[in-house]
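This briefing goes through one protein chain, from its overall layout down to single residues. Please look at the sequence and the structure before reading on.

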Amino acid sequence: LAAARAEYGLLETNLDMSVEDYHNSDDDDDDATTTTPLEHDSATRLVALLLSLPHGPLKYSHAMKDLVETSNNVASIAMISGQESDVAASIMCSSRSSVDS
């Protein structure tokens, strides 16, 4: 965490990060999660998908220098448990444009 704060702390002055212990559903903790880690192949495919998604400015304005006209942001990723051992990832992206069309 110290390295990330050193790298981004001047730019992101309100940056707040934390690391929490993973709790397995077998634990006695009432707040225990029932999420199990992805298998290696599934995790590799998910990361490859995330890396392929557009993130950040996609197009700049021709009329105004340095104005981002269109951008996309990978906003959140949530794992959704299905029936039996099925698990899916829900990926939410936020797209913005300064153009109405």
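The model is predicted. Its protein chain has two helices and three strands, and from the N terminus on these elements follow the order α-α-β-β-β.

**The chain as a whole**
- The protein chain has 101 residues, and 6% of them count as buried.
- Among contacts in the protein chain with a separation of 6 or more, 22% are between residues 24 or more positions apart.

**A nonpolar surface patch**
- Leu38, Ile77, Met79 and Val87 make a nonpolar surface patch of about 320 Å².
- Methionine 79, one of these patch residues, belongs to strand β2, which covers residues 68-81.
- The relative accessible area of methionine 79 is 37%, so this residue is partly exposed.

**Serine 61**
- Serine 61 sits in the loop between β1 (56-60) and β2.
- Is serine 61 buried or exposed? Serine 61 counts as buried because its relative accessibility is 14%, and the cut-off for buried is under 20%.
- The side chain of serine 61 reaches the backbone nitrogen of methionine 64 at 3.1 Å.
- Leaving aside residues up to four places away in sequence, serine 61 touches Leu67 and Glu69.

Notes
Residues are numbered from 1 along each chain as its sequence is written. This is a predicted model: local features need pLDDT of at least 70, side-chain atom pairs count only at pLDDT 80 or more; totals for chains, interfaces and linings use all residues. Side-chain values use heavy atoms; hydrogens and water are left out. Patches are made of residues with over 30% relative accessible area and no salt bridge: like charges are joined within 9 Å, nonpolar side chains (Val, Leu, Ile, Met, Phe, Trp, Tyr) within 5 Å. Accessible areas come from the Shrake-Rupley method with a 1.4 Å probe; for residues, only the protein chains shown count as cover. A salt bridge is a side-chain nitrogen of Lys or Arg within 4 Å of a carboxyl oxygen of Asp or Glu. Helices (H or I, at least four residues) and strands (E, at least two) are DSSP runs, numbered from the N terminus. Buried means under 20% relative accessible area, exposed over 50%, partly exposed in between (1.4 Å probe, protein chains only). A polar contact is a pair of N or O atoms within 3.5 Å; within protein, one must be able to donate a hydrogen and the other to accept it, and residues adjacent in sequence count only if both atoms are side-chain atoms. Contact means heavy atoms within 4.5 Å.
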